[in-house]
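Below is a briefing on one protein structure. Please look over the sequence and the coordinates before reading the notes.

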Amino acid sequence: MNREQFIEIIKQEIENESLLNIDKDYITKNYKTAKGGIYFLYNDNDVVIYVGKVGNGKHTSFYKRMYGHGNSAHCNKPWFNQAKKFRFKKFPNLINEEILKIERLMIYAKNQPIYNDIIISEKEFMSIVSKI
C-alpha cells in the first residue's frame, strides 16, 4: 500500500461517519468522553475548514476541544462561527502518535483547510521575506 492509498482509506473512514450539525447540547450529551479520534469541521457549503485530533489523554475529549478547554477551545476562536457541521471518527486501537500522523495526513488530504493554516498578516509576510 502506498501513501495515497493509505490516505484514501483513512479519509473514507472519517467521511463514512454521519455529518452532524454543530450543537453544543448534542455534543455535550454525545461526545463528552469521545477521544482517540479525528474530526472534520465544515462550513455552510460542506467544505472542510478545520481538521483536528483528540488524543487519548485523561483530560481531553471532542467536547473539550470544542467547548471545554477554556481559551483554547474552538468555540473561543474567531473562526468558530463559520463551523456548522462536523464528523468525528474514533480510532480506539491507535496511540496518540498514530492519531497525530493521521491528522497531519488529513490536513494534507483536505488541501490545508483554512483554519489549519497559521494566520500570518501581510506585514509579517513582508518581514519574513525581507530576511530571506
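Predicted model: local features only at pLDDT ≥ 70, side-chain atom pairs only at ≥ 80, totals over all residues.

Residues are numbered from 1 along each chain as its sequence is written, and side-chain values use heavy atoms, with hydrogens and water left out. Helices (H or I, at least four residues) and strands (E, at least two) are DSSP runs, numbered from the N terminus.

**Helix H1**

- Helix H1 covers residues 3-15, and its end C-alpha atoms are 18 Å apart, in agreement with the 18 Å that its 13 residues should span at 1.5 Å a residue; the expected span is 1.5 Å times one less than the number of residues.
- Ile7, Ile10, Lys11 and Ile14 of H1 are buried (under 20% relative accessible area; exposed is over 50%, partly exposed in between; 1.4 Å probe, protein chains only).
- Seen down the axis of H1, the buried residues fall within an arc of 100 degrees, so they line one face of the helix; the arc is that of the directions from the helix axis to the C-beta atoms.
- An α-helix has 3.6 residues a turn, so residues three or four places apart point the same way.
- The cover over the buried residues of H1 includes strand E2 (37-42), strand E4 (85-90) and helix H4 (96-109).
- At the N-terminal end, Asn2 caps H1, with a side-chain oxygen 3.1 Å from the backbone nitrogen of Glu4.

**Nonpolar cores**

- The largest nonpolar core has 20 residues, of which Ile22, Ile27, Leu41, Phe62 and Phe86 touch the most other members; such a core is a set of buried Ala, Val, Leu, Ile, Met, Phe, Trp, Tyr and Cys residues joined through side-chain atoms within 4.5 Å.
- Helix H2 (24-31), E2, strand E3 (48-54), helix H3 (62-68) and E4 each supply at least two residues of this core, and H3 gives the most, with four residues.
- A second, separate core of 15 residues includes Ile14, Val51, Met106 and Ile107.
- Not counting residues up to four places away in sequence, Ile27 is in contact with Ile22, Lys32, Phe62, Tyr63, Met66, Tyr67 and Phe86 (contact: heavy atoms within 4.5 Å).

**Single residues**

- Asn43 sits in the loop between E2 and E3 and is buried, at 17% relative accessible area.
- With residues up to four places away in sequence not counted, Asn43 touches Ile49, Gln82 and Lys84.
- Arg104 belongs to helix H4 and is partly exposed, at 48% relative accessibility.
- Arg104 and Asn116 are 12 residues apart along the chain, and their C-alpha atoms are separated by 9.9 Å.

How values were computed. Polar contact = N/O pair within 3.5 Å; in protein donor to acceptor, adjacent residues only side chain to side chain.
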